[in-house]
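Me: I would like to go through the labels attached to this model and ask, for each, what stands behind it. Please set the values against the cut-offs as you reply.

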Amino acid sequence: MLSNESTGPRRHAPARDRPLLPLLPMQGHTLGKRSAVTCHLKCADACFHPVPNESSNDYFRDIVGAAMSRRSLLVGAGVGAAAILLGSGEPAPAMAVPGGPAGAAGRGLAFAPIAPVPAAVDSFVVPTGYSWNPIIRWGDPLFAATDRFDPEHQSAALQARQFGYNNDYLDIIESKGPKGRSGILVTNHEYTNEGIMFSPALTAVEADEQRRVAMMAHGMSVVALERKHAGQPWTYRVGDPLNRRITASTPFTVTGPAAGSALLKTSADPTGRTVLGTLGNCAGGTTPWGTVLSGEENFNGYFRTNGTSTADARYGLANRPTGRLWEQIDDRFDATVAGNENEPNRFGWIVEIDPEAPNEPPVKHTALGRFKHEGANVIVGKTGHVAAYMGDDERFDYLYKFVSFDRFDKKKGPKARTHNKSLLTRGSLYVARFTGNSPEREITGTGQLPADGLFDGTGQWVALVIDGVCQVPGFSTDDALVNTRLVADAVGATKMDRCEDVEPSPVTGKIYVACTNNTDRGALGQEGATEPNPRVANRDGHIVEITETGSDATSVTFDWNLLLVCGDPATNTSTYFAGFPSEKVSPISCPDNVAFDVQGNLWISTDGAPNTIGYCDGLFKVPLTGPERGRVQQFLSVPREAETCGPVIRSEQSMVYVAVQHPGERGSWAAQSSRFPDYVPLGAPVPAGAWTGPRPSVVQVWKV
Ligand code: FEO
Ligand code: CA
Ligand code: CA
């Protein structure tokens, strides 16, 4: 059966007036980046705890305040926002950017950039000539149509058989079949928002079941797709043998040098080789051999620990109740219990699943180190060894690279696939150290850049582990892989402004690092501006472009420069768009995920723009070569309070896919603030049985 339509009974959000069990007590803060709700639910208020990187690494310290003679490339005029009715449940019209082109600049997908959409608008906005719909939504059944979404009667058993919550990484893997008619959707489910998912629990029993539902709404989904032919929208297939849910309870096999380490053993798993579940799955990457990698990011928020070790402090683990209180129903989340001390060490890894092998256990790769993994993207180097690029998404944390010991087997067939699936189990782990070419290290509020108009320099991949042997004196290999941050501190790695997605261009091999923001840069006691992170109080983020020496992904040295310094140039003169005139770009803030089209254009999705530049988050195209280099053009805008995730660009089919995460996150069960994607216009009669709350969804956009 195909299910792309509303399934299951639809209900009004009940306006009940009954006591709410305080599942997730909120701090009353607001941020100049992510919303308070996102911070609380996604990363356990990481930005409201002290920076966990207090290493004395001073590679780029003492830099703020260098007033330099610089050339301003920035023009004061900005891009005007279109007038769009606030609060409308109706999709807003796509509107051309004033001063912008009639069609997209650069090669690839043709579109007229949309105007930025004010943050209060609850609409999914695409360019003129394009249409969209959700492929699959939170709660849609994967295995039997009878597992219908019913938010009034949700259960853990049902949720384990339904699409999970807050989809993040996404890929649409087209099968080799005729005319592109079949495919596989793979996505992560990073975290849950219990306050809008559930009717307030009246009893402790009900609250505990909601916690179990939330556990089953985490993880990953694999969903079979079909369509009439390439370029047409997909529908998903209920009950396909490839359909799969991975949750907080799914067994994972541990690989690599730290598998079986004493640091990974618990009373429930004395082997240290089998872990239940995956948590905080954020971005990811699809490997050249067809598997999917996923980063376990904010795992610390799920565990209560003794909080006394250096590693606990460095990873943000503490002896305090967790936000979700899972430790009340499953003591593996309480690492203060004897025998559970190492349970948090079993999260914070890159995991790999084979979407074509639904019965094969997923794996956690210790060779790639443990930190708040945003994701991992793999490219085959000139020598045949593969490199995986990875960011640690924490203020002042680091950029990493893994290089495999074995070589990629480019042959087809099961033997090569099995070999390639072993590539991430053995190799070397490096951390980045940047050096600047120019004395200027800060973009000032007047938009002044270095005399050559560029922040650039060289860099080194500093070895932490070479083929399973730690290279840093005083640390064991288990230390290096399990408590990677501590070992990276010791070698003087460069402190970055929250590396999110890090991805090599399949066309040029250059690597693009999305540094989403770091408002603590330059704060009292914190490192100030550095050349690769050139703004204090970095609210809007930037993109670093890296060229490996010899264009070889396995090189241990590189050159780098800044591609974008983000923000709204209409109001912020510290922005930079690869030298492109700022009055011709779309405003962009808080870059998060990146992707490429077949023409080699960079696409950037954002997380946090509503709280910085006042617009909904979106998806942006950026040509990387030619006269249009740096010309940021907005393609779509996601609904109120949502984040744009997991972009997949199929420009050759005029199709784009995104995962829409946490729409309406600031609402409540009784007063939802988004109705995405099944919009019921405000003020319009609500159909009988309709549920008017938001559902995180995977959306496809196609040219009509
Ligand atoms: Fe889950 Fe770093 O974003
Ligand atoms: Ca992210
Ligand atoms: Ca990506």
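Reply: What follows takes up the metal sites, the salt bridges and the pocket in turn. This is a predicted model, in which local features need pLDDT of at least 70 and side-chain atom pairs count only at pLDDT 80 or more, while totals for chains, interfaces and linings use all residues. Residues are numbered from 1 along each chain as its sequence is written, chains are lettered from A and ligands numbered from 1 in the order in which they are written, and side-chain values use heavy atoms, with hydrogens and water left out.

Me: What makes C282, E374, E500 and D592 the residues that coordinate the calcium ion (ligand 2)?

Reply: Donors are N, O and S atoms within 2.8 Å of the metal, or 3.2 Å for Na, K and Ca, and sites may look incomplete because water is not among the atoms. The SG of C282, the OE atoms of E374 and E500 and the OD atoms of D592 lie at 2.4 to 3.1 Å from the calcium ion (ligand 2), and along the chain the donors are spaced C-x91-E-x125-E-x91-D.

Me: Why is the site of the calcium ion (ligand 2) called irregular?

Reply: Six donors count as octahedral if opposite donors are over 155 degrees apart and all others between 65 and 115, four as tetrahedral if all angles lie between 85 and 135 degrees or as square planar by the octahedral limits, and anything else is irregular. The six donor atoms of this ion make angles of 51 to 155°, and the site is therefore classed as irregular.

Me: Why is R227 called buried, and what does E174 count as?

Reply: Buried means under 20% relative accessible area, exposed over 50%, and partly exposed in between, with a 1.4 Å probe and protein chains only. R227 has a relative accessible area of 8% and is therefore buried, as is R650 at 19%, whereas E174, at 22%, counts as partly exposed.

Me: How do you know that R227 and E174 meet in a salt bridge?

Reply: A salt bridge is a side-chain nitrogen of Lys or Arg within 4 Å of a carboxyl oxygen of Asp or Glu, and the N to O distance for R227 and E174 is 3.4 Å. E174 also meets R650, at 3.8 Å, and since E174 lies in strand 3 and R650 in strand 32, this pair ties together parts that are 476 residues apart in sequence. For R417 and D354 the closest N and O atoms are 2.7 Å apart, and both residues are buried. The whole structure holds 42 salt bridges.

Me: What makes up the lining of the largest pocket?

Reply: On a 1 Å grid over the protein atoms alone, a pocket is an open set of points with protein on both sides within 12 Å along at least five of seven lines, and lining residues have an atom within 4 Å of a point. The largest pocket is lined by 48 residues, which divide into 22 nonpolar, twelve polar and 14 charged; Ala, Val, Leu, Ile, Met, Phe, Trp, Tyr, Cys and Pro count as nonpolar, Asp, Glu, Lys and Arg as charged, and the others, Gly among them, as polar. Strand 3 gives the largest share, six residues.

Technical notes. Helix = DSSP H or I, 4+ residues; strand = E, 2+ residues; numbered from the N terminus. 1 Å grid on protein atoms, 1.4 Å probe; cavity = no way out; pocket = protein on both sides within 12 Å on 5 of 7 lines; lining within 4 Å.
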